[in-house]
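Please consult the sequence and the model shown here alongside the text.

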Amino acid sequence: MTGAALAKHVARVLLTECRARRQGLGFWFAFNAAQRARMRATAPAPPPESPRAPALPAQLELFA
């Protein structure tokens, strides 16, 4: 399952759970979780990371 498909599935599951808890405790928790999952599902893909310079070697003499 891709990231977008998983986010959509989670949003659907959480909305169903939210509907089931309408009259009881946990409604707002389930609702907020469903909203966050829905926003993740509809968010555009992050841009690719730019290439970075290689890390400098550790100065091991500092830890002696």
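A residue is called buried under 20% relative accessible area, exposed over 50% and partly exposed in between, with a 1.4 Å probe and protein chains only. By this criterion, buried residues account for 12% of the 64 residues in the chain.

The model is predicted: local features need pLDDT of at least 70 and side-chain atom pairs count only at pLDDT 80 or more, while totals for chains, interfaces and linings use all residues. Residues are numbered from 1 along each chain as its sequence is written, and side-chain values use heavy atoms, with hydrogens and water left out.

**Overall form**

The chain has 2 helices and 0 strands; these are DSSP runs numbered from the N terminus (helices: H or I, at least four residues; strands: E, at least two). The radius of gyration, taken over C-alpha atoms, is to be set against a globule rule of 2.2 Å times the number of residues to the power 0.38. At 21 Å, the radius of gyration of the chain is well over the 11 Å that this rule gives for 64 residues, so the chain is more spread out than a compact globule. Along the principal axes, the C-alpha atoms fill a box of roughly 65 × 30 × 15 Å.

**Packing of the helices**

The axes of helix 1 (residues 3–20) and helix 2 (residues 27–42) come within 8 Å and cross at roughly 160 degrees. Axes here are lines fitted to C-alpha atoms, for helices over the stretch in contact, and angles run from 0 to 180 degrees between N-to-C directions. Helix 1 is therefore roughly antiparallel to helix 2, a term for angles over 145 degrees.

The residues in contact (heavy atoms within 4.5 Å) include Ala7, Leu14 and Cys18 of helix 1 and Phe27, Phe31 and Ala41 of helix 2. By class, this contact comprises 13 nonpolar, no polar and 4 charged residues. Ala, Val, Leu, Ile, Met, Phe, Trp, Tyr, Cys and Pro count as nonpolar, Asp, Glu, Lys and Arg as charged, and the others, Gly among them, as polar.

**Two alanines of helix 1**

Ala11 is found in helix 1 and, at 7% relative accessibility, counts as buried. Beyond its neighbours within four places in sequence, Ala11 is in contact with Ala34, Ala37 and Arg38. Ala5 also lies in helix 1, but is partly exposed, with a relative accessible area of 32%.

| Pair | Separation in sequence | C-alpha separation |
|---|---|---|
| Ala11 and Arg38 | 27 residues | 5.2 Å |
| Ala5 and Ala41 | 36 residues | 7.6 Å |

How values were computed:
Angles under 35 degrees count as roughly parallel, over 145 as roughly antiparallel, 65 to 115 as roughly perpendicular and the rest as oblique.
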